[in-house]
Amino acid sequence: MRYLNDLDVRSSLAAGRDIEQLLPEGHELDELVIRYVSIERSSIGSWRVRLCEAFDNGTPEFLDVYEFEAVDPDFPFGNEWMFDSIQGALAFAENTLGASSVRYVNQGLIQYEYKDRYHPEW
């Protein structure tokens, strides 16, 4: 099972494990932009929501979306927002960034989401 249920999402965040989700793509200068959100515990009682946007630099041998070229070089690790609760972070990701409550994965699985959605032939 790739996707985390609600209990797993909250438990992971409470335990300090990051979760991520591939969002609908964007386009910049006619290039495909891979968008994903990550939520991580920043410190006790603080969670960070990060929106990452990168150009599709993938190949069959290179699926590491973390290494793709950032759309905005001033924010190579994405835009960040801080929240004082898991619920606040999740609500922002879903209501503002368009994340789905049923599509979160553990950190590191986003590359498989990317491959399956955009390049299943690889």
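User: Before we look at single residues, what do buried, exposed and partly exposed mean?

Analyst: Buried means under 20% relative accessible area, exposed means over 50%, and partly exposed covers what lies in between, with a 1.4 Å probe and protein chains only. The model is predicted, so local features need pLDDT of at least 70 and side-chain atom pairs count only at pLDDT 80 or more, while totals for chains, interfaces and linings use all residues. Residues are numbered from 1 along each chain as its sequence is written, and side-chain values use heavy atoms, with hydrogens and water left out.

User: What makes the contact of Glu80 with Arg50 a salt bridge?

Analyst: A salt bridge is a side-chain nitrogen of Lys or Arg within 4 Å of a carboxyl oxygen of Asp or Glu. The closest N and O atoms of Glu80 and Arg50 are 2.5 Å apart, so the pair meets this rule. The pair links distant parts of the chain, with Glu80 in strand S5 (residues 79–83) and Arg50 in strand S4, 30 residues apart; strands here are DSSP runs of E with at least two residues, helices are runs of H or I with at least four, and both are numbered from the N terminus.

User: Is Arg50 buried or exposed?

Analyst: Arg50 counts as buried, because its relative accessibility is 13%, and buried means under 20%.

User: How do you know that Arg35 and Glu53 form a salt bridge?

Analyst: Their side chains meet at 3.1 Å, N to O, and the rule asks for a distance within 4 Å, so the pair qualifies. Arg35 lies in strand S3 and Glu53 in strand S4 (residues 46–55), 18 residues apart. At 16% relative accessibility Arg35 counts as buried, whereas Glu53, at 32%, counts as partly exposed.
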